[in-house]
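Subject: Structure for you to look over

Dear colleague,

I am handing over the structure below, followed by my notes on what was found in it. Please read the two side by side.

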Amino acid sequence: MGPKKKSKKKLEEELRRKEEEERLAEEERQRQEEEDRIRREEEARVKAEFLEKHLNQEEEVLTSEREKLSAFLESISIERNNAGIKQEEERDWERYLRCTHLPDPRKRNQMNDYLNIVTTTECTDLASTLDMCEDSLQVMNDCMDARLDALQCGSTSAAIEFQNDIVQVQEMAKAKLEDTLAHLIQFCDEFANERGDIQVCKSSPNFRFGIWCNATKNPRLRHIDMSDIQISVEIQKQIALASVGLLVHEHLFDEFFFDCTNEFMAIGGVTHVELIALLPGSKTVKNCTIRSLVPRDQALRRIPYPIPPAGADPATYKSGEPVPPLTFTFPVRSNVSVKASEVKVGWWNEEEKKWSTEGISELIYDDSGRMVTFCSTHMAPLAIIQSRTKLLPYLDWNIRATGGKHGNTAIVTLQVVTGAKLLFEVGPGFVKLQEHPWGDSCGLKGLSMPPRRLLHQLASCGVYLMPEDRDKTYAHGICVKTLETEKSMCDDLALISRAFLISKSKWNTLVGSEECLCRISEVLDWEAGGRTEAKHVERVFNMEKESGDRRVLVIMRRGEKGVAFSPAYDALDEYVDVPGYDTQEYEETVFGEVHASVINLLEGSKGELRDTELGARMKSTMDGVDLAKATNPVFTETMAQFLFALRVFSFG
């Protein structure tokens, strides 16, 4: 027998009870939501009050500190400007003593006159053309120095103008070289030897030029030896049977550096290899030479490799068969620092604007003779290439003063991703490479140069330490900072780099793009020679004491506003952030309290926290602040420029 059926009255009672329960539950839910809303609004109100209060307090402090700091900053700016004027006068005097006929790229009228004169000058003789190329290279180097100096001073517009000058001089030199090549092609038979072979080679300190014309069409010919320029090419039969010329010209600069869309750069120069269609030869009739002449701009007809069959369009022809490789042997410039196991050759892909290693094989590097041999299925600009981020990110870096308490130099130690360490001496207006692990093939050790000029010279040797934002894709474990934030941090650190030891913070890569972190420790015992040797730096930052005379402080750049102390010591297992402006905790600690500059920061907190135990630790001695203020302004400017050029906070 089934369960007894409920009466209508009972069912209605249960329904009313259920509806009542649902009503009460809904009222409770609405009450809870209202309480939560009120609580959130109260929390938001409190946070907003804290935020407004703390930001207003901070702005008052920053305004006061900036006013007090303005006289100091103005005085060092005047001294730096005077030093810059003196340096420019010395540079102009040095150019005057050289009696050079080349233009000063900083003087626009001289550059325009030079470009006009060279553009209208006829070039048919190879020797004079190479002399012109050498002059052009010197002008490009002068433009590059001017560009680097402009970047160093923060003048981006001037840097772009000098970069455009470099490109313009490159194009002009290329056009003159093509004029000479067109002349050689039209008169190539005049250079034939007694066997009928036609080959012209010429070199200068920074250029190599060679052209071989296939006059005999010998099917057994396999090897073209341009011994005068130390370049040889093993060709395929289709070239040996074709009416073509083989052009090889090498120059010391990388004209593709600015346009390259991948991670590679050429080191030691670029070698262009091209096939040129030969013109009909001359005829001798009754002691007269009859020659068909064509305009210069039509004399050069480049032929792709592999050579297209008759009737095919050279611009669109694609071979369906595997491309037979050519074998090249080139010398490696003596200034290039590269290990045999690391040598990589690439060809320039003009369509994609990048260096490529596709089709490069059987690479052999003879270290003793500094010759590289390889096979390539591409006839294009060729070069030894290297990743711009080969040495990035920086594993460690630190700064220590040298020369005693009142010296004007400091050592910057940089440990790159390979583990190698480089030591640079920084002084007023100069940087010197003191130590590095790659020998002195680059010839730069001990030479004094402005920061970016030295780094540029190192880059041409294969030691690239001047990264740009475009390199962030290829360097792992980094956080690229905004240029404004990083420059401000470098400017701040430079002011104290003679009075404090400075080192990298491992947490720098975890903070945002508008924050930079590093560690500092005041040098106190100058009477004993100064705690400024490499072993002292290592010991201080490894021990990382939070109190005492050799305590370590962590400082943070907080965007454009200023700097603050941070609790993020390297010894911690997890990153500890500074308290937010909208919290009560912000009032209870000096961590996160922003000051206008590192000088103000090291003077200590300006509020009630100054007399707390933490407030007493989070500052330096007045002697340290005074020593920082008394440091040579030109030295601090050079240090800031060097650190910013290295991008130690973005790539370290």
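P306 lies in the loop between β9 (302-303) and β10, where helices (H or I, at least four residues) and strands (E, at least two) are DSSP runs, numbered from the N terminus. The peptide bond that joins Y305 and P306 is cis, with an omega of about 0°. A cis peptide bond is also found from L392 to P393, with omega near 0°, and P393 sits in the loop between β15 (382-387) and β16 (396-402).

Please keep in mind that this is a predicted model, in which local features need pLDDT of at least 70 and side-chain atom pairs count only at pLDDT 80 or more, while totals for chains, interfaces and linings use all residues. Residues are numbered from 1 along each chain as its sequence is written, and side-chain values use heavy atoms, with hydrogens and water left out.

C99, although not a glycine, has a positive phi of about 50°; C99 is in the loop between α1 and α2 and counts as exposed at 65% relative accessibility, on a scale where buried means under 20% relative accessible area, exposed over 50%, and partly exposed in between (1.4 Å probe, protein chains only). R370, which is not a glycine either, has a positive phi of about 50° and lies in the loop between β13 (360-366) and β14 (371-376).

On the cysteines, a search of the whole structure finds 0 disulfides, a disulfide being a pair of cysteine sulfur atoms within 2.5 Å. The sulfur of C188 has its closest cysteine sulfur in C213, and because the two are 4.1 Å apart they are too far for a bond. C188 is buried, with a relative accessible area of 12%, and C461 is buried as well, with a relative accessible area of 2%.

H223 has E234 as its bridge partner in β4, and among the 4 residues between the strands, Q230 takes a positive phi near 60°.

In the loop between β2 (207-213) and β3 one finds N214, which counts as buried at 1% relative accessibility. A polar atom of the N214 side chain lies 2.8 Å from the backbone oxygen of A240.

As for charged side chains, a search of the whole structure finds 44 salt bridges, each being a side-chain nitrogen of Lys or Arg within 4 Å of a carboxyl oxygen of Asp or Glu. One of them joins D104 and R91 (3.3 Å, N to O). This pair links distant parts of the chain, with D104 in the loop between α1 and α2 (108-119) and R91 in helix α1, 13 residues apart. D104 counts as buried at 2% relative accessibility, and R91 is buried too, with a relative accessible area of 19%.

Another salt bridge is formed by R333 and E250 (2.6 Å, N to O). R333 lies in the loop between β10 (326-331) and β11 (345-349) and E250 in strand β5 (residues 244-251), so this pair ties together parts that are 83 residues apart in sequence. Both R333 and E250 are buried. By contrast, the salt bridge of K535 and E533 (3.9 Å, N to O) has partners that are partly exposed, K535 with a relative accessible area of 49% and E533 with 42%. Salt bridges that share partners also join E88, R91, D92, D104 and K107 into one network.

Finally, L97 has its place in helix α1 (residues 8-98) and is exposed, with a relative accessible area of 53%. Together with W93 and Y96, L97 forms a nonpolar patch on the surface, with about 400 Å² of accessible area for the three residues together. Patches are made of residues with over 30% relative accessible area and no salt bridge, with like charges joined within 9 Å and nonpolar side chains (Val, Leu, Ile, Met, Phe, Trp, Tyr) within 5 Å; the accessible areas come from the Shrake-Rupley method with a 1.4 Å probe, and for residues only the protein chains shown count as cover.

Methods
Pairing = 2+ DSSP bridges. Polar contact = N/O pair within 3.5 Å; in protein donor to acceptor, adjacent residues only side chain to side chain.
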